[in-house]
Amino acid sequence: MRTTLNTIYNMIQTNLNNITSDMATINGQISSGRQMSKISDNPVNLVSALGMRSSLAELQQYQNNLIYGESLITASESSLSQMKEQITEAKVMTIQAINSALTDEDRSNMAPVIRNLIEQTTILGNTQINGKYIFGGYRTAGYSE
């Protein structure tokens, strides 16, 4: 089989066209920063990329949930420790009020202090994070105040 100059020229021209097309594709990927700009570029790898994107979104949601859970636990622990202190203080005052050495006036003076402790405990029980009550159980919104 004899190769003519015309055949060689056609092969070189075809190769140059292929190289130019490949170079244009690579330049497009570099300029856009994306390996695949259309579904038809690489359907098999696109499925993998979409799966990875979905996994990344799930991981981000897990991270957000962990951050929210940590803030919820921290706020709950803080509120509960403050409630414990206030209840202990109210208990001590109540035990003191039982003492027969105190007058009715002394007991009357203790009543507003204990009432204040109860109100502060109620306020701590209504602590919110991001608009949701931390001690609200499943119903974390929609309470009337």
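Q: In which helix is Val 113 found?
A: Start by placing a residue in an element. In this predicted model, Val 113 is found in helix α3.

Q: Is Val 113 buried, partly exposed or exposed?
A: Buried means under 20% relative accessible area and exposed means over 50%, with partly exposed in between. Val 113 has a relative accessible area of 36%, so it is partly exposed.

Q: How far apart are Val 113 and Glu 89 in sequence and in space?
A: The two separations are read separately. Val 113 and Glu 89 are 24 residues apart in sequence, and their C-alpha atoms are 9.9 Å apart in space.

Q: Where does Thr 127 lie?
A: Thr 127 lies in a loop, between α3 (104–125) and β1 (128–129).

Q: Why is Thr 127 called buried?
A: The cut-off for buried is under 20%. Thr 127 has a relative accessible area of 19%, so it counts as buried.

Q: Which backbone oxygen does the side chain of Thr 127 reach?
A: The side chain of Thr 127 reaches the backbone oxygen of Leu 124, at 2.5 Å.

Q: Which residues does Thr 127 touch, not counting residues up to four places away in sequence?
A: With those neighbours set aside, Thr 127 touches Ser 79, Lys 132, Tyr 133 and Ile 134.

Q: In which helix does Ser 76 lie, and is Ser 76 buried or exposed?
A: Ser 76 lies in helix α2, residues 43–98. Ser 76 is buried, because its relative accessible area is 14%.

Q: What lies 2.8 Å from a polar side-chain atom of Ser 76?
A: The backbone oxygen of Leu 72 does. Not counting residues up to four places away in sequence, Ser 76 also touches Ile 134 and Phe 135.

Note on methods. Residues are numbered from 1 along each chain as its sequence is written. This is a predicted model: local features need pLDDT of at least 70, side-chain atom pairs count only at pLDDT 80 or more; totals for chains, interfaces and linings use all residues. Side-chain values use heavy atoms; hydrogens and water are left out. Helices (H or I, at least four residues) and strands (E, at least two) are DSSP runs, numbered from the N terminus. Buried means under 20% relative accessible area, exposed over 50%, partly exposed in between (1.4 Å probe, protein chains only). A polar contact is a pair of N or O atoms within 3.5 Å; within protein, one must be able to donate a hydrogen and the other to accept it, and residues adjacent in sequence count only if both atoms are side-chain atoms. Contact means heavy atoms within 4.5 Å.
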